[in-house]
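Here is my notebook from an afternoon of looking things up. Have the model open beside you and follow along.

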Amino acid sequence: MRRGFKTEAERLADRTRVELGLQPHAHMPIRKLAAHLHIEIHPADDLVDRADLEELDELQPGAFSAATFHLPGGRTVIVCNPLSETGRTNSDIAHEIAHVILNHEIREIQQLAGHTFFTCNPEQEEEANWLAGCLLLPRPLLLREAYAASTPDLIAEKHQVSVPMARYRLNASGVLLQVQRSRAGRSPR
């Protein structure tokens, strides 16, 4: 990940929250953000047979999470996997929105079970992951939850994200260490 991107992503997420009128520690309704950005969200079974999605998931669980399409007329559409649970779907939608916000372009073509997929390069995927986390679980929200000793499971349920996303943000953002140091500084010696 390029130098300074993490800080840039936190600021970008803050600005996005301000545009939506959200407090820094408030829950991010990701579909509201999509609507604000004029991005349509559709489950993949609107486009293909659900049985095909189930077959793909049997071949490789989690192989398809979501994809973004830029259509004629300026329409942007995110297609998500209807087989995923809500928290995972919200995390996947946030990831796709992050690609849009960052103006990432398709660079790689991959094959899976005879199906062609277009993806961004690994660095852009990493950037989209980080920004998605900042959008859904910004530092002020994580600090509030960490001081309340909330578990990743509780954070995931409360903010409708996946448990791995909650765990990742708690660990990668450094808030657990910040809270631990803050508490250690306050405890009597």
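**Entry 1: Pro152.** I began with Pro152, which I found in helix H7. Helices here are DSSP runs of H or I with at least four residues, strands are runs of E with at least two, and both are numbered from the N terminus. Before going on, I noted that this is a predicted model, where local features need pLDDT of at least 70 and side-chain atom pairs count only at pLDDT 80 or more, while totals for chains, interfaces and linings use all residues. I also noted that residues are numbered from 1 along each chain as its sequence is written, and that side-chain values use heavy atoms, with hydrogens and water left out.

Is Pro152 buried, exposed or partly exposed? Its relative accessibility is 22%, so Pro152 counts as partly exposed. The cut-offs are under 20% relative accessible area for buried, over 50% for exposed, and partly exposed in between (1.4 Å probe, protein chains only).

Not counting residues up to four places away in sequence, Pro152 touches Val163, Ala166, Arg167 and Leu170; contact means heavy atoms within 4.5 Å. The C-alpha atoms of Pro152 and Ala166 are separated by 5.1 Å, with the two residues 14 apart along the chain.

At the N-terminal end of H5 I found a cap: a side-chain oxygen of Asn121 lies 3.1 Å from the backbone nitrogen of Glu123. The buried residues of H5 include Trp130, Leu131 and Cys134. I traced the packing of the buried residues of H5 to helix H1 (5-20), helix H2 (30-36), H4, helix H6 (139-147) and helix H8 (163-172).

**Entry 2: helix H6.** I listed Leu141, Leu142, Leu143, Glu145 and Ala146 as buried in H6. The buried residues of H6 pack against H5, helix H7 (152-159), H8 and helix H9 (175-186).

**Entry 3: Asn90.** I placed Asn90 in helix H4 (residues 86-101). Asn90 counts as buried because its relative accessibility is 8%. Leaving aside neighbours within four places in sequence, Asn90 is in contact with Ile30, Arg31, Leu136 and Gln160.

**Entry 4: positive phi.** Most residues other than glycine have a negative phi, so I went looking for exceptions.

- His38 is not a glycine, yet has a positive phi of about 60 degrees. His38 lies in the loop between H2 and strand S1 (39-43), and counts as exposed at 68% relative accessibility.
- Asn103, also not a glycine, has a positive phi of about 55 degrees. I found Asn103 in the loop between H4 and strand S4 (108-112), and at 61% relative accessibility Asn103 counts as exposed.

**Entry 5: the cavity.** How many cavities of 30 Å³ or more does the structure hold? I found one. A cavity is a set of points, on a 1 Å grid over the protein atoms alone, where a 1.4 Å probe fits but cannot get out, and lining residues have an atom within 4 Å of a point. The lining is Leu53, Leu56, Asp57, Gln60, Ala63, Phe64 and Asn81.

Terms used
1 Å grid on protein atoms, 1.4 Å probe; cavity = no way out; pocket = protein on both sides within 12 Å on 5 of 7 lines; lining within 4 Å. Points joined across faces, edges and corners; volume = space filled by probe spheres on them. Polar contact = N/O pair within 3.5 Å; in protein donor to acceptor, adjacent residues only side chain to side chain.
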